[in-house]
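The sequence and structure come first, followed by the notes.

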Amino acid sequence: MWPDLPRNRRDPRVDDDAARRIAVRAQLLDGSATGVLDTVRRLGFLQLDPVATVAPPQHLVLFSRLGAFDTAELDRLLWEDRLLFEWHAFVWPIETLPLLRAVMRGNRRATRYSHQRWRREFLREHPAFRRYILRELERGGPMLSRELEDHVARRQGRDEHRWYGSRFTARMLETLESYGEVAVAGRRTGQRLWDLAERQWPATETVPLRDAQCALAEQRFRALGVRQERSEWRAHPDAEDGPVADRVTLLSPFDRLVHDRDRAEALFGFRYRLEMYVPAAKREYGYYVLPLLAGDRIAGRAEPRLDRRRNTLELLGAWGDTTRLDEALDELAAFLGATRD
């Protein structure tokens, strides 16, 4: 998403063992995380996803670092204290807003990718619909998407979307969010509440796009700790090496330690794919399998599932070295307030 830092920057080379330690420590998976806000700031962002087979990914990522924590704290930081904000299916620290506003301005001009060209054409074809959405939000926001009328004629076939169907209101809202005109103002029964961005976000300085991209790339590199260049690991100048605490935890499929699947394989010798969209008969492991991190090694993987009707954490399968899996599952069940099956 962001460009890499300039290649002429001098980063120290480290061996595989040090790279693993640095990566785990940089991602606060060594037991050094101290609170929700500080953790999000150190990581740079949390990814959101509606699939919650065990728990929402933003909660799992924080749990892996903090252990059991009060999930209401994340909501308070988002919707009351406003020290975090939601944009583009991620949770960001508010101090990142000036950089992201530069990205939003860039999105309005971007035409490199098909979805960027589609957005521009969509707004060009439906200016009255855009004006209606902004006017209604100004009058009555925050509002749910379903509380806004869909003024775009439904055209079957090519306009059907795998997530939106033939309803265009959500597509308009997310286009305007990408451009920084509307913002998520909260949640109602899990659904996004939309409002004008100018009412939800504070005024900020203006940052040139290239400067913002470089700053975001620097933040990403610092949060990851190491990156691979020409088959060599290079550590961020601020990275710290040292022994990693002998703790065990399960990771979300969206955890940044494993999000880049090729990087995770090179770093840990662990090939990982999320098979949620793979037909059941073709899955190698399971629907929603979580990596098992023990110290600075990914020892194995497991497929837990929270049965919400019985409030029970089930184990559907486990692979690799699962010597300490029960310890990780006990901690996860305690965080969820569930019993073990």
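Arg324 and Asp246 form a salt bridge, with their closest N and O atoms 2.7 Å apart. A salt bridge here is a side-chain nitrogen of Lys or Arg within 4 Å of a carboxyl oxygen of Asp or Glu. Arg324 lies in the loop between strand 13 (312-320) and helix 12 (325-336), and Asp246 in the loop between strand 9 (232-235) and strand 10, so the pair ties together parts that are 78 residues apart in sequence. Helices (H or I, at least four residues) and strands (E, at least two) are DSSP runs, numbered from the N terminus.

Arg324 is partly exposed, at 23% relative accessible area, while Asp246 is exposed, at 61%. Buried means under 20% relative accessible area, exposed over 50%, and partly exposed in between (1.4 Å probe, protein chains only).

## Basis of the model

The model is predicted: local features need pLDDT of at least 70 and side-chain atom pairs count only at pLDDT 80 or more, whereas totals for chains, interfaces and linings use all residues. Residues are numbered from 1 along each chain as its sequence is written, and side-chain values use heavy atoms, with hydrogens and water left out.

## Other salt bridges

By the salt-bridge rule, the count is 31. One of them joins Asp255 to Arg65, at 2.7 Å from N to O. Asp255 is in the loop between strand 10 (248-250) and helix 11 (261-268), and Arg65 is in helix 3 (residues 57-66), 190 residues apart. Both Asp255 and Arg65 are buried.

Another salt bridge pairs Arg187 with Glu86, at 2.6 Å between the closest N and O atoms. This pair links strand 6 (residues 182-188), which holds Arg187, with strand 3 (residues 84-87), which holds Glu86, across 101 residues. Arg187 is partly exposed at 39% relative accessibility, whereas Glu86 is buried at 4%.

## Nonpolar cores

A nonpolar core is a set of buried Ala, Val, Leu, Ile, Met, Phe, Trp, Tyr and Cys residues joined through side-chain atoms within 4.5 Å. The largest nonpolar core has 55 residues, of which Leu46, Leu84, Ile133, Leu137, Leu250 and Leu332 touch the most other members. Helix 12 contributes the most to this core, with 6 residues.

Leaving aside neighbours within four places in sequence, Leu46 is in contact (heavy atoms within 4.5 Å) with residues including Val40, Gln58, Leu74 and Phe90. A second, separate core has 19 residues, among them Ala19, Val24, Trp233 and Tyr272.
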